[in-house]
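Subject: Structure handover

Hello,

Below is the structure I promised to pass on. My notes follow it, and comments are welcome.

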4 protein chains.
Amino acid sequence: MTQTAFIGLGHMGLPMARNLLRAGYPLKVFDLVRSAVDTLAGEGAVAADSAADAIDQAKVVISMLPASRHVEGLYLGDDGLLARLPAGTLVIECSTIAPESARKVHAAARERGIALLDAPVSGGTGGAAAGTLTFMVGGEAQTLERARPMLAAMGKNIFHAGPEGAGQVAKVCNNQVLAVQMIATAEAMAMGVANGLEPAVLAEIMRQSSGGNWTLEKYNPWPGVMENAPASKGYSGGFMAELMAKDLGLAQETASHSGNSTPMGALALQLYRLLLKQGKGKQDFSVVQQLFVE
Amino acid sequence: MTQTAFIGLGHMGLPMARNLLRAGYPLKVFDLVRSAVDTLAGEGAVAADSAADAIDQAKVVISMLPASRHVEGLYLGDDGLLARLPAGTLVIECSTIAPESARKVHAAARERGIALLDAPVSGGTGGAAAGTLTFMVGGEAQTLERARPMLAAMGKNIFHAGPEGAGQVAKVCNNQVLAVQMIATAEAMAMGVANGLEPAVLAEIMRQSSGGNWTLEKYNPWPGVMENAPASKGYSGGFMAELMAKDLGLAQETASHSGNSTPMGALALQLYRLLLKQGKGKQDFSVVQQLFVE
Amino acid sequence: MTQTAFIGLGHMGLPMARNLLRAGYPLKVFDLVRSAVDTLAGEGAVAADSAADAIDQAKVVISMLPASRHVEGLYLGDDGLLARLPAGTLVIECSTIAPESARKVHAAARERGIALLDAPVSGGTGGAAAGTLTFMVGGEAQTLERARPMLAAMGKNIFHAGPEGAGQVAKVCNNQVLAVQMIATAEAMAMGVANGLEPAVLAEIMRQSSGGNWTLEKYNPWPGVMENAPASKGYSGGFMAELMAKDLGLAQETASHSGNSTPMGALALQLYRLLLKQGKGKQDFSVVQQLFVE
Amino acid sequence: MTQTAFIGLGHMGLPMARNLLRAGYPLKVFDLVRSAVDTLAGEGAVAADSAADAIDQAKVVISMLPASRHVEGLYLGDDGLLARLPAGTLVIECSTIAPESARKVHAAARERGIALLDAPVSGGTGGAAAGTLTFMVGGEAQTLERARPMLAAMGKNIFHAGPEGAGQVAKVCNNQVLAVQMIATAEAMAMGVANGLEPAVLAEIMRQSSGGNWTLEKYNPWPGVMENAPASKGYSGGFMAELMAKDLGLAQETASHSGNSTPMGALALQLYRLLLKQGKGKQDFSVVQQLFVE
């Protein structure tokens, strides 16, 4: 099978790389945190000493990094990976970054004849471990077909969002809606309970009615309504509030770039920043419920 | 079958009463608009000259009125229906009104030994015509059982939300979430399209992802994404923006009563009022999409 | 001088009544809290046992109560004061209440030939003690002229806002602007300081520039910028956050009544409610600064 | 007097350069729009063919450009002005740009021994023509003293905001407060008038009370309240809504950089973007009043 480099072994990257290993892909892996590299080396990956080392001989490069500046730093410039990779290499860039930043990396790859996809994910660390991530992919359809078997080893739903950068745009749109409806659900739960309703009853009514949304299906923010939701486990696990704040920030950058007005999305970002000020950034993003109760 | 009075034959009340007639209930009907009364009289109802006339001999009274003040005016006071109805009568009050107002009417009914339910609906004029409304019911469980056959003639989902007024609370909670997620969806659609995505593709990605919600399932606000949605028919039909503004206003009254903070719900109300200022109050509430496009 | 009844001797009413006493007005005073009555009795007022007792022989009635329901309860109905007062009496109603409520009391007074003013104040307990309150007055100009000497004994600026209820409208408009600009100032102070500016320098630049407003002149929310501001005294004294929340609630009621969209005012209310949830309702309203710092 | 280069002769730069000419400074000027260069050449300036030509022999360089990217393009890089200017040159950068961008240019200047100030202005085209601009200056105090005579030829208030970038931070803080209080004032004017108050009466009450702010003093958004305000001249003149949207965008970038929550500032940006969608970006920013009236 295809020699693959995997760069960025954080909370998401490590389980994603592990699923590729399990599917039989030969991986050479790198992260600045040596222990993550060692963990995967113990499971069959080859440890690399640097990103440049990792891509040696690779036909496919996959990366999962924290933010735009890391991605640009890795790929662009005279020392960047794009300057070192042979034409024809497939690059699957899975980080959640600004669409503009993704387009910059796409343009550089295109110039060098490298086939690149922006392929941010949703589904959190649980989805990464279970191999059930959703990929929202930007780039050429034929490049996506080339990448599909590897994506399928890490995820379940694979959407072709459109051309270069479209994966990132779809991701920020989706996560902005998610944040807003999480807050809206939290507001409604607090208001209903304060006015005498049982939380589980209200949750069920809204879930089955026109207020229904993903948070009511899978992720109710009121403790005890859903046994396995982060809210019922002290808002632990799941998707950290500070990461939601990051994604909402990317959404605002995207809206600024195109001149869009997004009052709900903007307010969601501000409310998440209030939560971060209260020291709750490391808790699951459904902890926004606590803003609305005493 | 049970002799029933139906008071309030507007866009919702008329098709609801018609479904009761079709189910075989003997109805005596009243509305200030004589033509609505005549329409139903032509379909088998008995026309009443006044609300007081309508309730004569009735074992059940159903009402569907525009706002709190009409409901209080109909039932309360020395001339109100509660002062005229015999103990034991069943009253199904279906208007969407302030929970506080509903509790006031409940209290007066309880004093007189009258079994009352607050039973606001969702599902719009389409659901009223098709007999597929959702009822959110506040009051005693045994009273709900007594009313259930008649509710089932008009609707599909019947929820017992809790004690007196709980139906109204559930309704405003649900509709507040609905309004917020409609606006959030409209913002995201506009932002995604402005950044190069196909509307139908973006809509489908979000629908299947964590941004999924009822508006993406049934009621996409972007013209052309869903053939039968109001957005694809010039924002006609459906649920008028001015009625959504009314419900959001009731939600804010409810939040004020309990001291709840609902930033998203409050902002939704203000945005709908901007729409109303633009003369779009009579269009379907998904017309909020137009705030975000040129 | 004119025999006067003063009803409502809370944090505002007591010092207002004291200033009338000092100006030589013969006062008969009532409050549900007996100790407040006794305090003023010790300073020359006549203690009354009830509101009805207080108005006996009064040519002028002044009231200062917490909310709409107290005012309506005092004046309206068969047992209300308006039913007992002789035509020609002057009533100066100083409570901050809903304009609609004020208009209801005005209408009842007019029917009975009683000259009534809605005359809410601003200036806080400091202004009440110092006799420097601002009165915003609704009602007939000639009635205001009749009341002016007494108002002048309690305040400094006396504005004729317009007809019945206009005093209340002016008050809620003013206080909504005040709340919004307090929050805007607090946001800017926090942002500027986080980006390296000295608080006093930033405050002074904005004060002298187009960002200038009353809070920057008199009431900076950043501790230490103004020696005598509540912010420099642990947010004590001044105007309690929960009273600002009450006034913002009245503003929203007023906006709902007329169908106005006030996004900033609505958001201000929601942010104050978040503060109240955090247990800060009894602190000065500039404590909103703490939402924006860690 | 000091040989000076002035680069950027738009609506603001041209009248600023003219005031320096009138004060006797020998100017060599450049703009991409040749007619602007010719205008000033006709008034005594020397026309330059390029920015590089303009700075030849200059002891002082002043620039006034539209946005961060223009400023970075002018000064940075191998072809940028900083690479060409001798150590000891004074650069007064008057554009309104992101603080981060200003700090980047400062750092490059410092490395080369060039004395640079970020010195954004407020006061609009009127203030630029009259020489009454406000300068908010970031950089070393002694550099400011060196620049002061030239700043004084163009403006009236000169504030030392703090170290590198502080001028830009002060500017975005100030303009964010300005935008929010403009909208708050517009909301209150619309609400008061809809509830029966005379616009001029309400404006005057708030101006003298705790709602007082710069917009009520100088720039009332309700047509007819202030004869010389843009609102009374069809919202022409003044400061364009699209420029306010730009400044609010810079404020949000600044807040993102430091992780600040600014709900009012964020909402103000979104409301201005709604206005821009309505085609009102070229009108004075007080045109936001029209959002709130029919």
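Some conventions before the rest. This is a predicted model, in which local features need pLDDT of at least 70 and side-chain atom pairs count only at pLDDT 80 or more, while totals for chains, interfaces and linings use all residues. Residues are numbered from 1 along each chain as its sequence is written, chains are lettered from A and ligands numbered from 1 in the order in which they are written, and side-chain values use heavy atoms, with hydrogens and water left out.

Confidence
The predictor gives the complex an ipTM of 0.96 and a pTM of 0.96.

Annotated domains of chain A
UniProt, in an unreviewed entry, places "domain: 6-phosphogluconate dehydrogenase NADP-binding" at residues 4-162. That span of chain A is 40% helix and 24% strand, and its end C-alpha atoms lie 25 Å apart. Helices (H or I, at least four residues) and strands (E, at least two) are DSSP runs, numbered from the N terminus. The UniProt annotation "domain: 3-hydroxyisobutyrate dehydrogenase-like NAD-binding", also from an unreviewed entry, covers residues 165-289 of chain A. Residues 165-289 of chain A are 62% helix and 0% strand, with end C-alpha atoms 33 Å apart. UniProt annotations may be inferred rather than shown by experiment.

Chain A with chain B
Contact (heavy atoms within 4.5 Å) takes 58 residues from chain A and 58 residues from chain B. The two chains bury about 4600 Å² between them, 66% of it on carbon and sulfur atoms; buried area is the accessible area (1.4 Å probe) that two parts lose on being put together, summed over both. In chain A, the residues that lose the most area to chain B are A:Met191, A:Ser210 and A:Met264, together 16% of what that side buries. The count of salt bridges (a side-chain nitrogen of Lys or Arg within 4 Å of a carboxyl oxygen of Asp or Glu) between chain A and chain B is 0. Several elements of chain A each supply at least two residues of the side that touches chain B, among them β8 (133-138), β9 (155-162) and α9 (199-208). The most comes from α8(A), with 21 residues. By class, this side of chain A has 32 nonpolar, 24 polar and 2 charged residues. Ala, Val, Leu, Ile, Met, Phe, Trp, Tyr, Cys and Pro count as nonpolar, Asp, Glu, Lys and Arg as charged, and the others, Gly among them, as polar.

Chain D with chain C
Here the contact takes 58 residues from chain D and 58 residues from chain C. The area buried is about 4600 Å², of which carbon and sulfur atoms give 66%. D:Met191, D:Ser210 and D:Met264 supply 16% of the area that chain D buries against chain C.

Salt bridges
Over all chains, the whole structure has 48 salt bridges. In one of chain B, the side chains of B:Asp49 and B:Arg34 meet at 3.4 Å, N to O. B:Asp49 lies in the loop between β3 (46-47) and α3 (51-54) of chain B and B:Arg34 in helix α2 (residues 34-41), so the pair ties together parts that are 15 residues apart in sequence.

Regards
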